[in-house]
Amino acid sequence: MFDFLDSGQYDLLGAFWVTAKLALYSAIGSLIWGTALAAMRVSPVPLMRGFGTTYVNLVRNTPLTVVIVACSFGLDQTLGITLGADRSEDIGFRLAILGLIAYTGTFVCEALRSGINTVPAGQAEAARALGLSFFQVLTLVVLPQAFRAAVAPLANVLIALTKNTTVAAAIGAAEAALLMREMIENEADALFAVFAVFAFGFIVLTLPTGLFFGWAAKRLAVKR
Amino acid sequence: MSGESVSKSVPRGPEDTPRATDDLVVLSGVNKHFGALHVLQDIDLTISRGEVVVVIGPSGSGKSTLCRTINRLESVDSGTITIDGKPLPAEGRELARLRSDVGMVFQSFNLFAHKTVLENVMLGQIKVRKTEKKAAEEKARALLDRVGVGTQADKYPAQLSGGQQQRVAIARALAMGPKVMLFDEPTSALDPEMINEVLEVMQQLARDGMTMVVVTHEMGFARSAANRVVFMADGRIVEQATPEEFFSNPRSDRAKDFLSKILHH
Ligand SMILES: Nc1ncnc2c1ncn2[C@@H]1O[C@H](COP(=O)(O)OP(=O)(O)OP(=O)(O)O)[C@@H](O)[C@H]1O
Ligand SMILES: [Mg+2]
């Protein structure tokens with residue numbers, strides 16, 4: 001039933017490797033972008049707050065497929081922005097990462113904001129009273145505690161991100177879902193085996209994320 | 001100086017005029033609204049170097065707000081506040097620098113929960129004063145010893161009692177070498193048996209010559225440590241006097257009424 005694995009016809013590991021890279025780069029990018037968005041949303045500058053709020057509400061409520069396809073059509077095909085790649089596969093890969101970051105950043109931002117809300121306002125005040133700047137208060141006092149409180153929701157965001165990488169197939173990134181589509185066509189008689197293999201592959205990718213974050217959440221919890 | 005009526009139309013001299021007096025904190029004609037609520041009404045208050053001023057008054061009279069305007073945690077609608085001759089800047093780096101000269105101790109301690117006691121006392125020194133780490137640690141340890149929590153230096157705030165946390169908060173503020181210390185009901189959140197350990201630290205500070213503004217209902221502290229009592233009601237300074245005078249012979253009805261309530265139970 002699983003003979004297709006031995007045929008050598010499919011580069012299963014290679015496809016999952018692309019998925020893993022998509023997930024990893026997008027995760028790093030969305031953590032950074034999400035933190036920046038959260039900083040904007042709590043900043044004292046109305047313009048930044050306005051941008052942060054609008055961006056998050058707009059992008060978060062747009063289907064990921066639309067975001068990614070928009071990256072492909074809007075940037076690549078209309079504006080010719082290819083992020084320095086010339087093979088179409090690479091273009092898809094890079095634009096997919098961009099789309100995933102743009103999209104997942106909003107969820108990171110909201111997870112962080114819920115974490116920020118667990119930090120008593122008095123601590124930020126005490127920090128300001130010491131003479132720390134807004135940026136210092138944020139990075140030295142508020143965010144370190146917010147991240148710790150947000151570990152569990154962030155784990156959910158990153159697991160969702162890993163699975164969302166499958167949408168990148170829509171713009172031709174050679175990741176697992178694209179290979180799965182091909183295999184479903186060729187191996188119609190072993191349909192469930194194909195599904196099982198891919199489901200297993202994703203569990204291998206996401207389960208450690210969940211376990212690690214669960215462990216980290218306990219380790220890092222701030223005692224109050 | 002403090003008796004002189006302060007009119008808003010006469011600004012204090014430009015930068016180059018020498019500091020005329022020993023006035024450290026000067027509020028003149030300060031007004032503040034929260035929406036329709038007029039929390040601070042034409043506040044004129046001058047605090048001299050080394051003076052200990054206790055602010056008392058009924059709940060909601062604006063004592064905390066007064067305290068918080070002095071380091072601009074609250075902005076004011078009109079009037080001026082100067083610290084050591086310099087007007088309070090509106091924002092930015094200048095404001096941050098001025099705040100670092102004004103120590104503040106809160107009712108709820110507000111220690112940084114993710115940092116150890118020692119780190120709490122070092123943070124401002126390193127990040128604001130740019131003190132070297134080693135020197136900052138030495139100073140922090142000395143201050144923690146001074147307030148009697150030296151042995152707790154490596155614990156996290158949550159592992160300390162309320163009284164210990166408040167003493168750490170005092171050390172944290174002192175670490176900046178402030179010109180004046182503001183205390184907003186520093187003992188109100190404490191169990192009775194811990195109140196004294198905090199008051200003792202404050203008393204010592206007063207004896208050492210620190211300029212202090214203390215919002216408190218601890219009459220014992222007011223009598224023993226304060227140079228002046230400022231009584232507030234409904235956003236106004238209703239009267240000010242020495243503690244003996246104020247407690248034995250309050251002039252206003254508001255003050256009499258207030259004192260009869262807090263002294264008779
Ligand atoms: N951020 C705020 N927004 C709106 N109203 C406020 C705010 N802070 C304080 N107030 C109101 O301003 C008034 C004065 O408050 P303040 O905290 O200065 O009083 P207080 O004298 O310190 O009282 P307490 O003894 O209860 O601490 C109160 O009526 C309070 O409800
Ligand atoms: Mg108050």
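Tutor: What follows begins with an aromatic cluster in chain B and then turns to other parts of chain B and to the helices of chain A.

Please keep in mind throughout that this is a predicted model.

A search of the whole structure finds 12 aromatic pairs over all chains. One of them is formed by B:Phe231 and B:Phe246, whose rings are tilted, with 5.8 Å from centre to centre and 35 degrees between the planes. B:Phe231 belongs to strand β9 (residues 228-233) of chain B and B:Phe246 to helix α8 (residues 243-248) of chain B, so this pair ties together parts that are 15 residues apart in sequence. B:Phe231 is buried, with a relative accessible area of 0%, and B:Phe246 is buried with a relative accessible area of 0% as well. B:Phe231 also pairs with B:Phe258, again in a tilted arrangement, with 5.4 Å between the centres and 45 degrees between the planes. Because B:Phe231 lies in strand β9 of chain B while B:Phe258 lies in helix α9 (residues 253-263) of chain B, this second pair ties together parts that are 27 residues apart in sequence. The relative accessibility of B:Phe258 is 8%, and since the cut-off for buried is under 20%, B:Phe258 counts as buried. Taken as a group, B:Phe231, B:Phe246, B:Phe247 and B:Phe258 form one aromatic cluster.

Another phenylalanine of chain B, B:Phe221, lies in helix α7 (residues 219-225) of that chain, and at 1% relative accessibility B:Phe221 counts as buried. If residues up to four places away in sequence are not counted, B:Phe221 touches B:Val54, B:Leu199, B:Met202, B:Gln203, B:Met212, B:Val214, B:Thr216 and B:Ala226. B:Val180, by contrast, is 41 residues from B:Phe221 in sequence and 18 Å from it in space, C-alpha to C-alpha.

Elsewhere in chain B, helix α2 (residues 92-100) has B:Leu95, B:Ala96, B:Leu98, B:Arg99 and B:Ser100 as buried residues. The buried residues of α2(B) pack against β4 (78-83), β5 (86-87) and β6 (102-105) of chain B and also against α5 (121-130) of chain A.

Rings also face charged side chains, and there is an example in each of the two chains discussed here. In chain B, B:Arg172 lies over the face of B:Phe112, at 4.5 Å from the ring centre. In chain A, A:Lys21 lies over the face of A:Phe93, at 5.8 Å from the ring centre.

Turning to the helices of chain A, helix α1 (residues 12-42) and helix α9 (residues 191-220) pack at an angle of about 40 degrees, with their axes 11 Å apart. At that angle α1(A) and α9(A) are therefore oblique to each other, and their crossing is right-handed. On the α1(A) side the residues that meet the partner are A:Leu12, A:Phe16, A:Thr19 and A:Ala20, and on the α9(A) side they are A:Val197, A:Phe198, A:Gly201, A:Phe202 and A:Leu205.

Helix α4 (residues 88-116) of chain A packs with α7(A) at an angle of about 165 degrees, with the axes 9 Å apart. α4(A) and α7(A) are therefore roughly antiparallel to each other, and α4(A) passes α7(A) in a right-handed crossing. To this contact α4(A) brings A:Leu100, A:Tyr103, A:Thr104, A:Phe107, A:Val108 and A:Ala111, while α7(A) brings A:Pro153, A:Leu154, A:Val157, A:Leu161 and A:Asn164.

A:Thr165 is found in the loop between α7 (151-164) and α8 (176-186) of chain A, and A:Thr165 is buried, with a relative accessible area of 0%. Leaving aside neighbours within four places in sequence, A:Thr165 is in contact with A:Thr19, A:Leu22, A:Ala23, A:Leu100, A:Glu175 and A:Phe202. Of these, A:Leu100 is 65 residues from A:Thr165 in sequence, yet their C-alpha atoms are 7.5 Å apart in space. A:Arg41 lies in helix α1 of chain A and is buried, with a relative accessible area of 14%. With neighbours within four places in sequence left aside, A:Arg41 is in contact with A:Arg49, A:Gly52, A:Thr53, A:Val56, A:Cys109, A:Glu110 and A:Arg113.

Notes. Residues are numbered from 1 along each chain as its sequence is written. Chains are lettered from A and ligands numbered from 1 in the order in which they are written. This is a predicted model: local features need pLDDT of at least 70, side-chain atom pairs count only at pLDDT 80 or more; totals for chains, interfaces and linings use all residues. Side-chain values use heavy atoms; hydrogens and water are left out. Buried means under 20% relative accessible area, exposed over 50%, partly exposed in between (1.4 Å probe, protein chains only). Helices (H or I, at least four residues) and strands (E, at least two) are DSSP runs, numbered from the N terminus. Contact means heavy atoms within 4.5 Å. Rings of Phe, Tyr and Trp (its six-membered ring) pair if their centres lie within 6.5 Å; planes under 30 degrees apart count as stacked, over 60 as edge-to-face and the rest as tilted. A charge sits over a ring if NZ of Lys or CZ of Arg is within 6 Å of the ring centre and within 35 degrees of the ring normal. Axes are lines fitted to C-alpha atoms, for helices over the stretch in contact, and angles run from 0 to 180 degrees between N-to-C directions. Angles under 35 degrees count as roughly parallel, over 145 as roughly antiparallel, 65 to 115 as roughly perpendicular and the rest as oblique. A crossing is left-handed if the near helix is turned anticlockwise from the far one by less than a right angle, and right-handed if clockwise.
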